[in-house]
Structures are given as C-alpha cells and as structure tokens.
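Look at the model below, first at the elements within one chain and then at the contact between chains.

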Amino acid sequence: MNARRLLVLLAVVSPAAATAAARARDGGTLRLAVLPEVRADRWGETPEGAVLRSLVASPLCHLEAGGRVQPVLASFQRTADGVSIVPRASARFPSGTPLGAAELARAWARALERSPAARAALAPVRDVAAVLEQVSRAKGTSLQLPLAHPWPDLEASLCHPALAPLAGDGPGEGVGAYAADGAERGRAVPGFPEGRPHPDGFVVSALSRRAAQRALEARAAQVLLGDGGDPAAPALLATYLVSRPATRPLVALVEPRLDRAALVRSFVGGPASAMPGLLPPALGGLDRAATGSSPGRGSGTALLLYTADRPGQRAVAQRLQILLRDAGVQLTLAPRSPEALDRDWRAGQGDLALRSVLLPPLPAGALAVVLELAGDPAGSRRELATLGAVAEPAERAARTRERALQLAGTVPVLPLYVEGLRGRLDPALVDVRRDGFGLWMLDDAWWP
Amino acid sequence: MRLRTLLLLAFALLALLPLAVTVPFAKRRIEVTFSRELAARADSAARLASAELDRLRSDVDQSVSACAADPLTESVALQLESGIPPAADAMRGVAEGRPLTVLTLRDASGVSRSSAFLPARVGDVEPGLSAVRPGDPPAVVPVEVQNADGVQLRPALVAARPVEAAHGAATLVGGQVLDDAWVSRLAGLTGARVELQGPGLAPAAAGTAEGRNVRRALPLGPAELTLSVGSAVVDETRATLLRALLTAGALGLLLALVAGFLFARGITRPVEALTEGVRSVAGGALDTRVPAAGSGEVRVLVDAFNRMTEDLGHATRALRTAEQAAAWEGVARSLAHELRNPLTPLQMSLETLLAARKARDPRFEALFVESAPAMLEEVERLRRTIDAFARFARLPAAQLEPLDLTAWAEQSLGVAGARPGVSLRWEPGPSLPVRADRDQLAQLLHNLVRNAEEAMPSGGQVTVRTKAQGDRAVLEVEDTGPGIPAELGSRVLEPGVTTKSGGTGLGLALGARIAQGHGGTLEVDTAPGGGALLRLRIPREPAAG
C-alpha cells in the first residue's frame, strides 16, 4: 500500500507518471472483436471506429469528460490573435518521422478535404487553408492559428478524432500509443508522448455480431466494438438529413411523416435516441416544437446520398425512401464511402444526404458542425463570432442552445437521431477511461 | 400474234392453271395447320404457367406455415406480445434458406413489426399485404419492393399464417414476389414471351415472341399474366414450305414452257414454212416448195401445198403461154387488120389500073393519076403501122433521173398545146420529186393527151393534174369524151386493143410499158363526168433536205 501511495504522489507531479502509476502491470495483448462495419470505418468517423483508430492514431489532445483539454501530441499556447500549437518532440510516426508543425499542417489540410468535423473545428481560424499551406512549406516548430473571432473552445475542438494527424493521404499511419503491425495487430510504442501503453499490443478480429458476442462472453475478446452500448457515454454521433435550398420542399414532405423515436427503435437500434433539435440531448439540445403541419404530397424524383458501410444509415435511407414514396416522390439511394459522400455532396451531387458526424462535446463546437453541414460559411462565421464573444462557458452553452433552437427551422439540416458508442467491455477489464466524446481510451486498460 | 407465241402462251396458261388452283389451296391448308399448331403451343404455355403457379402456391403455403412455426418467429412474436419492439429486420433470419421474398410479421392491428425484405415499412400498415387473411389460400396481391432506384409495386403470391405462440398477437405474411427473375424463369419454362402487368404495378417481361403472336392471359389478382407465343418459327417453317411449293411450281412452269416451246416449234415450224411459202407464192415465186416436215395433218398440209404450188406453176406457165399466144394473136390480128385495110384498096386500085392498062382504057391515065395518091397514102399508112410496132418493140430501158413531176408536166404542156376544139386544163399539185426518163415520160404524156383529144372528135376538155398519194406521185389525164367502154376496161392497155377505127392499139400499151419501166402503173378509170381517166402512179422520191 505504501508503494501505491508513492505512485499516487508521483502521479500528482507528472500526468504521464500518473498514468503509468495506475497500471497494475505491463503486458498482455488486448483482444478486440469488431463488427465488419467498424472495420470498414477506415477514418474513425463513428465512435467505435474512432476508438479503434485511436490506438494507432491519437488525436492531438484528449478532451476529458469534464471539458479539460489534456495535450497528448502537442501543447497549446494562447497568443494575442489565436493559438500556437507546438508538437511534442516525442511525437513520432511509426516510420520515425517526427510530427512537426509542417506535418501537422499537411495532415489537417487533408482532413479539411474529407471531414466536416475537421472543417467545423478549424472554422474560427482566419484563412485556415492559407495558414496550413504556409506552415506546411515552412520548417517551423509551431503552428500558429490566427482566429477570425474569439473562440474559447478552439483547443477543445482540436481534440476531435477527425484532426488526429496522419502521415499520408490514406487513413494509414498516425501517431499512436501502438504502431500497426499489419492490418490486425499493433505493438506498444515505448516512446509515445503519454508513455508506453499498458498492454504490449492488441489484436483485432473482425467477426459477425453473433461471433463477436460469443467471443466476448467466452473472454476470447476483451473489447467488442459495434454491438451493445455504453449508457454512461454521451451520444454524440449525430445524423442529419441535409438538403439543398432547392430541395428543402422534400424535407418538408419528410418531416411530418417522420417518427424519430420509431426510426431509432426500428431502424437504428443500439445506444441511439431521437434528436429533434439541432443539438443532441447530451449537449442539452432543446426540442423543437412540432410544426403541426399535415403531410403534403409531392412528385418527381430525388437522389439521396448516404454512407454505404453503416447499416443504420442504410436502413434509415430506405425508410426515407418509403416515406417519400408515400409522399409521391421517387427517391433513388446512392451509397457512397464517407470521403466520397463529402466530396460529391460538396460538388453538388445529390438532392439529399444523410450525414453522420461525431459532434464535439461542446454546444458551440457542435453547432459549428451543424452550420458547416448547412453549407453557409458566411452565416456560420457570423453565428460563431457571436457565440465566441461570450466568454463564460456555461453562458456560451446556453446561448448556443437557444441559437440552435432558433436556427432549427432555417438551416437545411434536419436532425434525425444521435448515437453513442456501440461497444461492450469484458467486465474484468480495468482502467478503461472515457473521454469527453464518450470514446474509450484503452491505453491504460489491464485485466487480472 | 404468231402461232408459236400463241401456243407458248397456251402452254404457260395450262401450266399455270393447276398452280393457280393448287397453291392457294395448299397455302390455306398450311396456314390452318400452323395456326392450330401455334394455338396449341400457346395453350401448352398457359398450362405450364398454371402448373408453375400451382407449384408456387404450394411452396408458399408450406414455407409460410414452416416460418410461422419457426422458433425464431415465435421468439419475435412473443417479444412483440410482451410489448418489446423487435428489430425491423428480425425476420431476416427466419427467411434465410427459404424460398421466400416476402416475409413480414404484423401485429393484431395489421402494422408491420418486422420484415425480412422491407424493414423500411416497419411501423406502417403494408398496403396489399394487409388484405391477406390467415387461412386464406395463397393469393396474388401487390407488394412493395425496394431497391436503390426506389420502391416499386410488384405482384406477389402470398399467404398469411397466425403465429400460434403469440395467441393472435402476430400474423406472419410471406410469399414470393413475381419479379423479373420469376417472369424470366417462366419464360424459359414455357418458351413464350411472358408479361406481367397491372394497374400501378411495375411491369415485368421476359422472353421473345417474334412475328404474329398468339396470346393467352391468366388473371392474377391485381395483375394479368400474358403469355405470347410468337409465330416466327412457325412462320419460317411455313415460309419454307411455301417457298418449296412455289419453287416446285415455278420449275414445273419453266419445264412446261420449255416443253411447250419445243412442242410448239415442232408444230409451227412446218406451218411457218407453209406461211413463208404462201408469202413467196403471193410474191410470184410459184416454184416455192416447203420442205417436207412434221407429221399427220401438218405433213398432209405441206404435201398438199407443194402439190398445189406445183400445179399452180404448171397452170401459170400454161396460162402465160396462152396469154402470150393470145397476145400474139391479138397483135397478129391487129397487124393483119392494119395491114389488110390498106392492102385491100391498094390491091383494088392496082387491079383497076392493071385492068385499065390491059384494056387500053383511055381513062387509064386519069385513073392512074387518081389512084396513085391514094395508093401512096395507103403505103404511108402501112409504114406508120410498121413504125408503131417497131417503136413498141424497141422501147429502150428507162434512163431515170431526178425531176419534179409537177414542174416537168407544166413545162411539157406549155410546149405541147392542144388541138383546135379541145381545151387543155392544167391542175398542178404539189412539188413531186421523182426519178424518171424525161423522153419516155414525154412520150407517155403525149400519148395520153393525144388519146384524150382523139376520144373527143367534136371537142371537149382535157384536164391534166398532178398530186401525191402516199409514197406515189400521180399524173392524171382526164377527158370529157365518152369514156372507155366497160367491157374493155383495163384491156385497152394491151397491145392492139383500141376503141378508135384508125388506131394501132399500141399507144396506151406503150404507156403501160413506160409506167412499168418507172416502177409504176398506168391505170384506167372513169372520170366523174363519164369521160376516160388515165392515171400514172410512179414512186415518189423523198423530199430533199
């Protein structure tokens, strides 16, 4: 017990040391069973996909459940006009390449091209594309992000998994506590800035739902991703039906016919709930009063883009197809990969799109994502500037909720439902923490 | 039309006649036979389709009953009964491995609670399926089928069964969508084009039916199944048969024509030879003979013709000899007459003079003086007669040269003039280019005009005119005399025939010979006023330029 106390004392002195101190012992292989759709989430855009990816591609920082930002790969320093980000010297890609400011800038420039969450997180930065371009060509040690308007939540927003720095164009190489050893294995990285993870490595097995459940029950796997739910985790994977200005009448046909609760119950399942407002209940999103309009009828055809590898989205897309058929509209479904969906939608393809985004656990940051999905950069800048000017976090959150309620009928974004992390843990697994996004952090996990 | 052509046509008609009778009849029989075949195939296809539907009904009935008793179904139904909403696609596990494409678990109010194939309808009363009641035999109803392109209504054969474990809280409805794949399979099974359509239903079609179609329709609830058997294969077979029939007919016709041609040639060759022979005989070749050919009546005809031409030749030669003899007799008679007439007074004058000289008649001198001129006159008459016969005999061949008959006649008449008491009237026609001997033609015109004048001793009018008649140039001399006696007619053109007491009868005969020497004729006619009309016809030269 004395030794334990000593370790606790050391933990107060150094967070890294504290983490290490919590471990009973190093070693062992963490066994994860994942469902095929989790495996297919290459960019870690769902909570369970983000958990899996975070093993080898850590975000820049951890946003703790209480809202505190814990730097991991870089430190942040507020400057007169923004934030200065200095990557840690020990933050290195598995190839040995250090994570410099230029690498970080390049990684974020690529993230802006594929992720609305990344665009929303960096939306308050003035001329972000130019800044990233400039830094990516320089050999500086820090990345200066000048803000277009006050934005107190910037550091917290930068902890989003979508901004986890990656070395190449693909989802391959990140800076994580583990280095990928093939597609299904990872080995602990001793020099990881937060210190070596507790398990020596991990093994991922892609299994069917039943097989994964059996593996967990038989303790052949300690973590199951894709099935079950963590009721304690906030549900932040929000799904919206996004339309274009010209196709908003289609949304007007859908909304009166839409029973979000039934939608969640019958077609989404898992740790999901209806989301009548632009912000999820976990962020105090307010219910928008029902319009009470009677279902109208339309005609013609429309094209709906949705993400192919997400069974829930597919089922919801099919339900929307049925609802619009009842309204007289023939809806064609166009499945896309997440990056293709983002690219095609921004290129003007499709009349409607189902967009699922992992929202930051901050109301203002979440609204920034919603406004990014709405596709109105000028309006978004105005809204965020107003909200960013409120310095007090609680007041800012309250103002954000009110504003979200006011915007609900005006932006071409129809909230549908929100999902939490689908996963189950072996009850014997110890020290699995949960961050502000509701994502498990498995670095310190151990088991007797 | 030639006999050979007529015979060929006759043979062709004879060959066509049976074809014309048999081909339509055979064609009709073929049409009827193949139409029956087509109808039989359509009926067979309809029977096969009905049997396939019966089999499908049985399959659906059994499969849905088995699904209703499936533990998984019971588990889902019990979950429903206990108020826990099952997964929208929970029935998918029940449908796995079963020949079903529709499987929905609905609650007591008819709302779909779980669907293997249309989970997107969960929470709604599925149109179409709600009409199917447990215990009813499988029926065809419209069901929604979902794909990426949208939702379509398709006919489906479905049955409903209660899930016993749920105590009436759940009913299972399942069946098979009669989709493109089923229609395609049915098309392959029946060999027909299969179309499945109905109001509001997405149409499905498979198979081909080319050509004229024979259709059979099977009502299937809201849809209609149409099986069309194409006549393409039957049409092709029928066309092949008809082609063979027509080819055989055409070959028969060709053979008949060839045989007919050969046969007709065998028949018509002697007939044509006979025709040619007749033409030759008509042209004056009386020694024409037709080669002995053919047989039977034709041979008899050829022999008769040859005998006839031989006889005709003999007769003609005899007639010519007789005519020559008659002509010579006429000439001799005329010559004798012409010679005898002066000889008799000459003889009498000489005998009178001799008697007076012998009797020393003192009137001798006076008689001599009186008789000598008369005797000289008779001698002169004898000389003229002999000259006339000499001219007739010595008429040379005509020296033809181009001249205008009208212009020439006008010029000749101006020189000639008429004797007192006779007026000469000239009626010129158009320019008539001919080839003629000017001297002989002048002799002819002179003879004709003098003949006309002599026919009118008490005076009258001689009209000379020229005109064109077809390819002939005509010169007419018409008088107002008594005309030529009908009994003489054209005989006046023969030597020695005359109506005048002092004529030699050679003038017109000479004219006829001149006309003949110009390739023409001299014709005798009666003028409208009753006088004589002599008409010269000679070939007209084509106009210059």
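Across which strands does helix H9 of chain B lie? Helix H9 (residues 438-455) of chain B lies across S11, S13, S14 and strand S16 (532-539) of chain B, and runs at about 25 degrees to S14(B). Helices (H or I, at least four residues) and strands (E, at least two) are DSSP runs numbered from the N terminus; axes are lines fitted to C-alpha atoms, for helices over the stretch in contact, with angles from 0 to 180 degrees between N-to-C directions. Helix H10 (residues 507-517) of chain B also packs on the sheet, where it touches S15 and S16 of chain B, its direction making about 130 degrees with that of S15(B).

This is a predicted model: local features need pLDDT of at least 70 and side-chain atom pairs count only at pLDDT 80 or more, while totals for chains, interfaces and linings use all residues. Residues are numbered from 1 along each chain as its sequence is written, and chains are lettered from A and ligands numbered from 1 in the order in which they are written.

The sheet in chain B is open, with five strands in the order S11-S13-S14-S16-S15 and mixed pairing; two strands pair if DSSP finds at least two bridges between them. Strand S11 (422-427) and strand S15 (521-526) of chain B are the edge strands, each pairing on one side only. From one strand to the next the twist averages 20 degrees. Strands S13 (residues 460-469) and S14 (residues 472-479) of chain B run antiparallel and are joined by eight bridges. B:Thr463 has B:Glu478 in S14(B) as its bridge partner.

Key:
Two residues are in contact if their C-beta atoms, placed from the backbone, lie within 7 Å.
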